[in-house]
Structure formats: structure tokens, C-alpha cells
Amino acid sequence: MKLISLIKNLFDPPPEPIRKKMVYQLYHQTPISLSTLVLLTLMYAAFLKGKIPDGLLLGWLIISVFLTVNRLYDTYRFLHRREHDDFERWRRRFAIKAWLNAIMWGSTSLLFLPYLQDNISLQLMTFIFIMGIAGGAVSAISFDFKIAIVYLFFMLIPVAVYFVVFMDAMGNFMAFLIVLYYLLLLNVCRISAHSIGSAYLQEEHLRRTQTQLRAKQDELNALFQQAPIAIFYFDPSFRIIDANEAFFELFKVDRSRLLGSRLESLPDSTPFHLAKKTLAEGAQFYSGAYRSSQGLQLWVDAKLAPLRDASGSIVGGIALIENKTEEKAARDELAHLAHHDPLTELGNRFALKKAMHALIDSPKHSTDFSLLFYLDLNRFKQINDSLGHGVGDQLLVLVSQRLRSHTPTNETSFYRLGGDEFILLVPFVAKERTQAEELAQHVAQSLQQSFDDPFAIGELHLHMRCSIGVVLIAPGERNPEEIIRHADISMYQAKRHGSATVSFYSPTFDRERKERFTLQHALDHAASRGELRIHYQPIVSIKDNRIIAAEALLRWQHPTRGLLTPGVFLAVAIESGIIDEIGWWVIETVCQQMAQCKRERAKAVEYVSINLNASQLQIHDFDTRFIAILERYRIEPREIVIELTETSLIENFDLTRHMIQRLQERGIQCAIDDFGTGYSSLSYLKRFSFSVLKIDRSFVAEITEDVKVRHLMASIIDIAKRLGYRIVVEGIETDAQKATIAAIDDNIYYQGFLFSKPVETEALRTLLSKQITS
């Protein structure tokens, strides 16, 4: 078993790293040695010719030459092999045929020497041939020690056997020398194989190391070239050595122009100064703007670090550059959005807060007055609700543009707080209060004038007005929130006084606002608590005092303040938004009371007029809901007249005219109330085409003393009657007033305290009953 294992071990391949190299060397070294062996074989056979039986010598010669030539053929094939051939198969082929060659030469001592015992010279020549071929083979086969062991064994051991068997004691000594020579050659082969194997292993290790280094270098180069950030190297003289693709893509520069150029030659000196500081002080970081040689405006983050060799000496530097241009733009955009209204591009509430803190922290604030204007657009909600938010947004943009064009000083700043509210801040305008007040009046007037022209949006021409609250910011005031709150209060005070009003802040506004808040809170629940009342004021013929109609007037029976008229709480209702709810309550209650009169067959008037704010007509289904109430109580459309004030009609004309037309088409009559208090334009009488014109009490108050007022009254009545209006004069309180108006035209109607104050339903029935009796 040990012998079999030993023989098997001889055929085991050498270590993998040197196998190919060893086999290659075996075949590479054999052409010359094999060619020499063929010549030696032929020479040896020639020397033995006639001394050895011809058949034996010829057989040996043919086999030996054939083996040697076949090995030469194998060498040729190996050297012209395909790269993927099995090296181990070639090694086995080489070993077997080399061993067969050794057997053929080793056998000569046993086959031929017995025939040459009498010929010492031929015996010596045979020994020399065998020893020489064995020694010469060492240089060719020592690459593979296992092949050499067997090869030399087959060459030399038969000679030792010959000396032991065929010779005397001297032969034993010769056999010992042969074995010693065998061992010597083996040691030479071992040393040679070990040296060559070590050399091969070192060479393979070097090759693998170089391969790994090249792979690592390729990997690093690929990483360098494919890195997503720009990288470049520079030497101690600040000359650019290399840069990756991201660098050239970022800066849009040609490689041939860049490499070798010096950093100080770049248009922007930032890289040179950073590189210089890096080599002098160590790693540097830069985040900021950079202008490239191609004129690109970039924002970059750059990290620079020195490069050192094995001894620690600086040999250059490396820079890593990230393009942060888009991120910077995004941050700037976010910062802009954080401080600006995205629709109008004006400053927002946050920007106003910063500006106010900057103002109060300024040294000038200790000596100078500043101004703050709080603007609110009138009727903006109605425009949004009826024309859509798209039109509303366009209107806000146009308003912001127009406000910018009325800037009183270069330091003035505008802000939009949301919705339709704007703020104008004018810092440090004067050291004296009177001067500051004068400038505030001038600026407020300029702002109001900026709304004189209509705002054109497509085919729409919207007439807008604004209410302005003004605060004089006194030197030393430290609470910006309180300043803005005062401006807000002032603006609402202006809105309560009507369109296009300016209101300067007064400490009394705080008390009034608190009272209004309390009133509003109570008004929210007035209808549900049964506190609202309907009173009626008769409308009578000026000729004979016959009651022909009545105006329904709202009253609020306040728990603590008693009976309140709309003049006290109507503005609060409009401001809080509950005016619509109250309006529907009035309509419902009037129709309910009219239906009750019909059921009781009580004397009824021709119609009852109901006061509504024109903004209520902007509800898209107002007409449908209104008619539904009439039908529920079986009230004819002709029995109800809707009164709308001249001012609210003018301000809401574009938004309400379609609803008014729809109401008129369904038989609802409309009246112009308080005519003469608004625009007083007679042209509107034709545009409205209403049924009733109610002339405001302001004309009546002076009609007995002022002839001009009488002429104006006569003109209004004449024009209105020509346009088909029924005329009602409001506020007649004396017989003289009644007589004067009757002298102008006695075919009209009036209402006022002269005939009756507003009364409850039962009182109105009583008046109607008296009229029947008389």
C-alpha cells in the first residue's frame, strides 16, 4: 500500500500557483536536450554495432529514437497548444515518456554490458553515456523533483544492479558509488527544484500582487473617475495634475485645457487661496459662490486636504467639490417663501414681525415716529364667492402692484397678512407728532386715490375701495404685536364708518371693540332665544293718509339694554357674518305673520317691504329659497317688496344684478332704499329698473327752508315717475314737511313719525281697522 501511495504521489501535480510555469519550463527546455539525445542514441548504437546482437541493438535503437522523437513532437504540440488545455495532462505525458526514455537507457547496463565484458573501453563508454545523460537531464527535469526522482532511478539503479550482480567486490563498491551519485543528483535536483519552485512562487506572488495592485489601481481610478462629486489633484506648485469626469461635467471645461494649468490662472481666485492655505495649514472647507472660467455662477461645497508621501512630506493636495447650486436655490426659495406671500410677492406676517422687531431695535426708534397702515378691501368676500377665487387672486395681485406704485419713501415696505388684508410700514418719518400725522393723512389719501380707477380682469372692471386703519408708532414703543393689533382695530373702525374710510387709532377703540364683541356674542343667540322682533311702519298716501303698505323693521329686545334698532347692531351682524341668518329669519317671520293675517281675514296692506343687504343676494340659490318660503305661506310675489339701499346696490352691482333680474322675472318687486345717501346718480335709476324709489330722510329735513332742496326733490320725483317708479318719501315728521312735498306732487307716498312710529303687528292691525272705520 505504501508503494502504491508513493507511486501515486509521484503523479500528484505540483502546487497550483507554479504548475503551469513548471510544465511550461519542462517542455521549453527539452527541444535541445532531446535533439542531443537522438544524436547520442545514434552514436551509441553505431559504437555497439557488431558487438551486440543486431536484433537486440536495432530494437533498442528503434524504441529509443521513437520515444525521443515522440517527445519532440509533444514539445511542438505543447508550445502550439490552446490556452485552455489541461496542464496536468501534459505533465503526465511528459513524465511517462521521460521515464520510458530513462528505462531504455538504464536497460543498456543489463542488456548490453554482459556482451561487453571483454571490452573495457565500450563498457566505460556505456557508463559515461549513462552518467552523462543522467547528469545532463538534471538541468531539463529539475523543475519537477518528482519526475527527476523516477527518471534518475531508471537511469542509474540498473547500472548499480549490474555491478552487484556481474562483478566482484569491486563491483559492490562501484554500485555504492552509483547510488551515491544518484543521491547526489537527487540532492542537486531537490535544491534546484526548491530554488526554482521558490522563484516561481515568488514570481507568482509578485504577479498576483501586481495584478491586485493593478486591480486596486483600476478600482481606485474607476472610483475616482465615476465619483458623483468633482475631484481634482494639484501639486505643490498648484498645478492641476488630474481631475475626474464629474469635475469636467460640472465646470464644462476641456480636459486638455485644464490639466497642467495653474490654480492662480483661474478667473476666480478662491481655489488658489484655499489650496495655498491647505498646504500651509492643513485641511480646509469652503461653502459659497464660485464663478467658473466658462462664466457659470455656481454654489459649491469644497473640501481640500494635503497629500503626503510615505515619509510624511507634502506632495500636493486633493479637492472634493459638490455642486450645491440647486440646493442653494431651493434654500433661497424656501427662505423667500417663508418671508413672502406666494401670490403677491409681498412680505408675509413673518416678514412683518421681523421688520417690526428691527424697527423697535433701531436707534432711530428712540427719537422718530413711524407709521403703520392696515388696509382691508371692501366687498372682497363677495367677489370671491360670486366670481370665484381665480378672479379674487388676480384682483389681489393687481392691488399689490398698485400699492407698490404709491410708496411714500424708499424705506416703505408692504405686507399681505392673508385674505384681503395688507399692511404698509413707513419707518422714521418725523420727530414731531404733528408732522407724522400730516404725513399719515397724505399717505392715506394717496392710498385711497390708488383705488379710483377700476381693476380690469378680463372683461370685468371692478371698482374697489379699501378701509384703512392708521397707527402712529411713537418713539420707544416696544410691543410690535400690540401695534399691529391697534392697526387692526383702527381698520375695523374704518369699515364700520363706510367704504373708503380712514381711521386713526384711539385708545377708545379698545373699549368699543370689547363692547362690540360682547354685543356680537349676544346677537349670535338672539334669534334662538326669541329676542328678535318685527315692527312695521305704515307707508301711506300723502293725499289722504290711506295706508297702502308697510315696511318691516327689525328690532332686538336685548336682555339688559332694552329694545335696540338696527343702527346699533346691524354693522356687528354684517361684520360677524350672521346677517344672512338674520335676513332669513326676517323673511320667514314676516311671511308667517302675513299668512296669519290672511287666515284671520284681517285687513291687509298691498305689500310689505323687507330690508336686505345686497350682499345677501350673492347667495347662489337665494331666489329659489325665497320663493319656496313664499309658497309655503301662500304669499303672492306681488305682496313682498325687497328693499336694497342705494349704497349697497352700487357697491355690489356687478355681483347682484343677475339675482335681481331672476327675482323680477319671478314677480318679486324691488325698491331702492335711502336714495340720495350714496352716489345719488340718476343714471342708476334706469339701470336698476326697480318698482319703488324711497327718497332718503336727508332731503326732507331741510325741504321747508331750502328752495334748492325743493327743486332737487321735484326733479327726482319727476324723473323717477317718468321711469315708472312708485315714490315713497321717508322721514316726514311735521305737517309742514308733508304739505311742502304734497305741493310738489300729491300722487306719492310717505312714511314717518308724523303718521306713525314703527309698531308691532297688533298695533298695525289697529291702525288698519281705524282706517276702515273712518
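Predicted model: local features only at pLDDT ≥ 70, side-chain atom pairs only at ≥ 80, totals over all residues.

**A phenylalanine in a loop**

Author: Phe238 is buried, with a relative accessible area of 13% (buried is under 20%, exposed over 50%, and partly exposed in between, with a 1.4 Å probe and protein chains only). Residues are numbered from 1 along each chain as its sequence is written, and side-chain values use heavy atoms, without hydrogens or water.

Look for Phe238 in the loop between strand 1 (230-234) and strand 2 (240-243); helices (H or I, at least four residues) and strands (E, at least two) are DSSP runs, numbered from the N terminus. The backbone deserves a glance here: Phe238 is not a glycine, yet has a positive phi of about 65°. Most residues other than glycine have a negative phi. The side chain of Phe238 belongs to one aromatic cluster, together with Phe232, Phe234, Phe247, Phe251, Phe272 and Tyr290.

With a relative accessible area of 72%, Arg634 is exposed, whereas Phe238 is buried.

From the cluster, let us turn to other aromatic rings. The structure holds 22 aromatic pairs (rings of Phe, Tyr and Trp, the last by its six-membered ring, with centres within 6.5 Å; planes under 30 degrees apart count as stacked, over 60 as edge-to-face, and the rest as tilted). One of them joins Tyr44 and Phe112, with 6.2 Å from centre to centre and 35° between the planes, a tilted pair. It connects distant parts of the chain, 68 residues apart: Tyr44 is in helix 2 (residues 16-48), and Phe112 is in the loop between helix 5 (108-111) and helix 6 (120-141). Both Tyr44 and Phe112 are buried.

Phe127 and Phe163 make another pair, with ring centres 4.8 Å apart and planes at 40°, so this pair is tilted as well. Here too distant parts of the chain are linked, with Phe127 in helix 6 and Phe163 in helix 7 (residues 145-166), 36 residues apart. Phe127 is buried, and Phe163 is buried too.

Now for two places further along your view. Val188 is in helix 8 (residues 169-226), where a relative accessible area of 40% makes this valine partly exposed. Val188 and Val138 lie 50 residues apart in sequence, but their C-alpha atoms are 7.9 Å apart in space.

Asp745 is found in the loop between helix 27 (735-744) and strand 21 (749-751) and counts as buried, at 17% relative accessibility. Neighbours within four places in sequence aside, Asp745 is in contact (heavy atoms within 4.5 Å) with Ile542, Ile717 and Lys721. The C-alpha atom of Asp745 is 103 Å from that of Leu223, and the two residues are 522 apart along the chain.

What about the cysteines? A disulfide is a pair of cysteine sulfur atoms within 2.5 Å, and by this rule the count comes to 0. Cys591 is in no disulfide, and the nearest cysteine sulfur, in Cys597, is 12 Å away. For Cys597, the closest cysteine sulfur is that of Cys591, and the 12 Å between them is too far for a bond. Cys591 is buried, at a relative accessible area of 0%, and Cys597 counts as buried at 13%.

Finally, step back to the whole chain. It has 28 helices and 21 strands, and its C-alpha trace spans about 190 × 70 × 45 Å along the principal axes. Of its 774 residues, 46% count as buried, Phe238 being one of the buried residues. Among contacts in the chain with a separation of 6 or more, 67% come from residues 24 or more positions apart.
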